[in-house]
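Let's take a look at the aromatic rings in this protein. How do we describe a pair of them, and what sits around them?

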Amino acid sequence: MHNKIYYALVVFLGLVSCNSNLVFSEFEPMSNGKWQMDQLVDFQFSELDSVQGHNMFINIRNDNTYPFSNLFLITELEFPNGQTQKDTLEYKMAEPTGEWLGKGFGSIKENKLWYRENIVFPDSGVYKLSVAHAMRKNGEVDGLYLLEGITDVGLEIEKSTQ
C-alpha cells in the first residue's frame, strides 16, 4: 500500500515539475569540477519558432569549493547568417554572508542565470553559443586559468510568455 502511494506521489511531482515552455536544455560537465579559462563551452541549437520570443538561461552548477561570490562570463552568440553578439556578464553566486544562491540539496547548487529575454530567432539554421569564464583575483591583471568549483555549465531556452 505504501509503495503505491509513494509511486503515485513521485509520478505526480514529476508531472507538476515539467516545464512545457522548455524547448532546449543541455549541460556540459567540467572535468573534476574545474573550468579552464581557454575551455569554451559550446552549444548548438536550431529549428526554434521563428516568430515566438524565447528566454535564454545559462545554468551553472557549483560546489562548496567555488572560491568567489560572483562569476564573470564571456558569451558569444553566433547567428546562422554569421552575425555574432559578444557579451561580458557578471552574476551573483552567493550572499554577503557566504550562503550560496541557487537551488539544490547538499554541496551542489544550480543557478539559472538570465542571459537573453524575449529574443526571437528569425533565421533558419544553426545558432551557436560559446561560454567562457573571465574570473581573476583582485589586483591581478591575468585571468584565473583554472576555476575550481564549477561542476557543469548549461543552456536552457524557453518560450517566452510575454
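Here is a short tour of the ring pairs, their cluster and the charges over ring faces.

## The ring pairs

Keep in mind that this is a predicted model. Searching the whole structure turns up eight aromatic pairs. A pair of aromatic rings is described by the distance of the centres and the angle of the planes.

Take F24 and F45: their ring centres are 5.7 Å apart and their planes meet at 50°, so this pair is tilted. F24 belongs to strand β1 (residues 22-29) and F45 to strand β3 (residues 41-46), so to speak two distant parts of the chain, 21 residues apart, linked by the pair. F24 has a relative accessible area of 14%, and since buried means under 20%, F24 is buried. F45 is buried too, at 3% relative accessibility.

Now for F79 and Y127. With centres 5.5 Å apart and planes at 75°, this pair is edge-to-face, because angles over 60 degrees count that way. Distant parts of the chain are linked here as well: F79 is in the loop between β5 (70-78) and β6 (84-92), while Y127 is in strand β8 (residues 126-133), 48 residues apart. Both of these residues, F79 and Y127, are buried.

## One cluster

Which residues form one aromatic cluster? They are F24, F45, F79, F121 and Y127.

## Charges over rings

R61 lies over the face of F27, 3.7 Å from the ring centre. Over the face of F57 you'll find K112, at 4.5 Å from the ring centre.

Terms used. Residues numbered from 1 in each chain as written. Predicted model: local features only at pLDDT ≥ 70, side-chain atom pairs only at ≥ 80, totals over all residues. Heavy atoms only, no water. Phe/Tyr/Trp six-rings, centres within 6.5 Å; stacked < 30°, edge-to-face > 60°. Helix = DSSP H or I, 4+ residues; strand = E, 2+ residues; numbered from the N terminus. Buried < 20%, exposed > 50% of the residue type's maximum accessible area, 1.4 Å probe, protein only. Lys NZ or Arg CZ within 6 Å of the ring centre and 35° of its normal.
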